[in-house]
Amino acid sequence: MRADSGPPLEEGQAHPPRALPPVPSAIQDDVPLSLPKKKKSRTKSKLATASSEGLAEPVVSKQSESSEPPAAYPKEHPEAPIQRGQKKIRPPPELETSFTEKPSSPSFLRNENGVDVEPPAEGVIPKPRRKAKKTQPAELQYANELGVEDEDIIADEQRILEQHSRFTAPTGISQPVSKVFVEKSRRFHAADRSELIKTTENIDVSMDMKPSWTTQDVALSVNRAFRMIGLFSHGFLAGCAVWNVVVIYVLAGDELSDLSNLLQQYKPLAYPFQSLLYLLLALSTVSAFDRADFAKTSVAIRNFLALEPTALASFLYFAALILSLSQQMTSDRIHLYTPSVNGSLWAAEIEERFLQPWIIVNLVVALLVGLSWLFLSYRPSVDLSEELLFFSGVEENPDKGIQASS
Amino acid sequence: MLQTSNYSLVLSLQFLLLSYDLFVNSFSELLRMAPVIQLVLFIIQDIAILFNIIIIFLMFFNTFVFQAGLVSLLFHKFKGTIILTAVYLALSISLHIWVMNLRWKNSSGFIWTDGLQTLFVFQRLAAVLYFYFYKRTAVRLGDPRFYQDSLWLRKEFMQVRR
């Protein structure tokens with residue numbers, strides 16, 4: 001009996017690769033499944049030979065004998081021989097679980113290989129498992145790419161669900177295909193791809209809307225603060241210059257007759273006033289340049305020719321600055337005046353020669369500064385550079401910039 | 001993108017250095033009790049100008065325009081500032097050397113000659129122009145257009161290339 005049943009088993013193990021090379025997985029994998037079939041065919045052939053010999057009884061015994069070889073296998077799966085007839089349609093759940101639990105790598109590899117080849121009719125059973133296994137790496141792929149077509153994924157998912165619900169309990173299904181996990185604040189959150197695309201668009205929009213205090217606002221506020229300082233310095237400078245001229249003329253006496261008195265009285269004031277005048281003139285000139293947008297030479301020249309008050313004022317300030325600076329030497333000479341010594345710096349006749357132009361220059365500076373102040377205070381809100389820097393359109397800016405630089 | 005806080009900090013530092021410069025230019029002639037005081041003031045002033053140059057160049061490097069490789073565009077737009085700042089630094093250093101050379105022995109003596117007066121006038125005029133152009137550039141660099149790709153930038157680039 002055993003000697004009889006032995007060869008078919010060996011045969012079944014040895015032959016299949018040769019017998020069915022293109023679909024090795026279906027047969028090799030399912031040795032216990034295919035074994036009974038082989039056995040069956042063998043028994044059938046034996047039956048055929050037996051019937052041809054006209055032996056009825058041995059058929060039963062042969063059948064009982066033929067059912068024995070799987071008996072070694074049914075030690076693990078006792079139901080296998082009983083359900084042999086149904087096996088083609090539906091494998092027992094225990095069997096399947098035993099296969100899926102098998103950690104053997106070759107079976108997995110074969111499954112992977114078997115995907116390409118369209119399995120024959122008997123491959124109906126392992127197919128769902130293969131599909132299920134295949135979709136898992138595919139899902140990973142899909143999760144990486146946002147731009148995957150939806151139909152593929154959804155169809156797959158449905159199919160898997162169907163198959164699993166039909167054959168097994170839906171325990172090991174991975175859901176997530178239509179979801180994408182996005183890392184937000186060091187955590188991953190599930191999000192629908194379509195929603196994610198929408199939300200990213202929304203974020204872009206809100207990013208544009210969000211910042212309330214931009215660098216441009218800072219620049220604008222600084223510019224405005226400086227304009228306030230400039231407005232103050234314009235007025236203060238005009239007042240200072242006028243006061244200075246008045247003081248000089250009062251100290252010099254009628255028709256500049258008392259110049260030595262002027263030198264004595266004015267000596268401690270001369271250099272501090274010169275320094276203050278430079279500070280205020282510098283501030284005022286920069287402010288006036290800002291107002292006239294002096295850096296854009298074409299605009300500045302056009303405004304000057306059109307007798308624009310801001311352009312005129314900046315020109316007058318610059319002239320006053322040059323005049324005032326040119327008197328630095330005389331101011332230092334007055335600062336170092338020592339009447340008792342009456343040394344080399346201040347000879348008797350030299351006083352008038354140095355002081356007269358100095359007084360006139362001071363008068364002219366006071367006039368220029370006063371005029372500029374009038375021009376600028378005529379329209380104190382005009383600020384061309386602010387308009388051009390911060391409120392000019394994107395389109396018109398390049399042309400003006402090129403014009404100015406050329 | 002330039003952060004508002006960073007920009008405010010840099011801008012205030014620039015204005016601090018500028019106001020120190022203006023202060024020294026205005027009142028250094030008054031503070032000449034000892035030659036050392038003027039020497040220290042002048043050295044700090046020159047370093048402040050140098051710092052301002054470094055800061056403005058760092059701001060240039062931070063712009064998208066520069067990072068995109070359009071250095072010529074930046075230079076084209078701000079060449080006035082760059083040239084004036086360099087000229088002002090040279091004038092300042094030469095005037096400071098000249099003045100300190102004459103005043104080192106006797107800080108309260110009369111040192112003025114026509115040459116010194118001329119250099120003085122040019123240095124102080126350059127200082128005013130430097131304030132104006134530097135302030136303008138620092139304020140302009142707050143424009144977000146310098147820190148992102150835009151149609152404006154592309155147009156500018158095309159215009160410069162012509």
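The structure is a predicted model, in which local features need pLDDT of at least 70 and side-chain atom pairs count only at pLDDT 80 or more, while totals for chains, interfaces and linings use all residues. Residues are numbered from 1 along each chain as its sequence is written, chains are lettered from A and ligands numbered from 1 in the order in which they are written, and side-chain values use heavy atoms, with hydrogens and water left out. The area buried between chain B and chain A is about 4200 Å², and the structure holds eight salt bridges over all chains.

**Chain A overall**

- Chain A has 19 helices and two strands; helices (H or I, at least four residues) and strands (E, at least two) are DSSP runs, numbered from the N terminus.
- Of the 406 residues in chain A, 40% are buried; buried means under 20% relative accessible area, exposed over 50%, and partly exposed in between (1.4 Å probe, protein chains only).
- Among the contacts in chain A with a separation of 6 or more, 72% are between residues 24 or more positions apart; contact means heavy atoms within 4.5 Å.
- A:I229 lies in helix α12 (residues 215-252) of chain A and is partly exposed, at 42% relative accessibility.
- The C-alpha atoms of A:I229 and A:S284 are separated by 8.7 Å, although these residues are 55 residues apart along the chain.

**The interface of chain B and chain A**

- In this interface, 47 residues of chain B are in contact with 49 residues of chain A.
- Carbon and sulfur atoms give 69% of the area buried between the two chains; buried area is the accessible area (1.4 Å probe) that two parts lose on being put together, summed over both.
- Across the interface the rule finds 15 residue pairs in polar contact, both residues being at pLDDT 80 or more. A polar contact is a pair of N or O atoms within 3.5 Å; within protein, one must be able to donate a hydrogen and the other to accept it, and residues adjacent in sequence count only if both atoms are side-chain atoms.
- On the side of chain B that touches chain A, α1 (4-27), α4 (71-103), α5 and α6 (151-161) of chain B each supply at least two residues.
- Helix α5(B) gives the most to that side, with 16 residues.
- By class, the side of chain B that touches chain A has 21 nonpolar, 12 polar and 14 charged residues. Ala, Val, Leu, Ile, Met, Phe, Trp, Tyr, Cys and Pro count as nonpolar, Asp, Glu, Lys and Arg as charged, and the others, Gly among them, as polar.

**Salt bridges**

- The rule finds three salt bridges across the interface of chain B and chain A; a salt bridge is a side-chain nitrogen of Lys or Arg within 4 Å of a carboxyl oxygen of Asp or Glu.
- B:R136 and A:D293 meet through their side chains in a salt bridge (3.0 Å, N to O).
- This pair crosses between chains, from B:R136 in helix α5 of chain B to A:D293 in the loop between α13 (259-292) and α14 (297-305) of chain A.
- Both B:R136 and A:D293 are buried.
- Within chain B, the side chains of B:E29 and B:R103 form a salt bridge (2.8 Å, N to O).
- B:E29 lies in the loop between α1 and α2 of chain B and B:R103 in helix α4 of chain B, so the pair ties together parts that are 74 residues apart in sequence.
- B:E29 counts as buried at 5% relative accessibility, and B:R103 counts as buried at 0%.
- A network of salt bridges links A:D332, B:E29, B:R32 and B:R103.
- B:D149 forms a salt bridge with B:R154, with the closest N and O atoms 2.5 Å apart.
- B:D149 is partly exposed, with a relative accessible area of 40%, and B:R154 is partly exposed, with 49%.

- B:R32 is found in the loop between α1 and α2 (35-62) of chain B and counts as buried at 7% relative accessibility.
- Not counting residues up to four places away in sequence, B:R32 touches A:Y271, A:D332, A:H335, A:L336, B:Q38, B:R103 and B:S107.
- B:R124 lies in helix α5 (residues 114-140) of chain B.
- B:R124 is buried yet has no salt bridge, and the nearest side chain of opposite charge, B:E29, is 4.8 Å away. For charge, Lys and Arg count as positive and Asp and Glu as negative; His and the chain ends are not counted.
- The side chain of B:R124 reaches the backbone oxygen of B:N25 at 2.8 Å.
- Residues that B:R124 touches, not counting those up to four places away in sequence, include A:Y278 and A:L325 in chain A and B:E29 in chain B.
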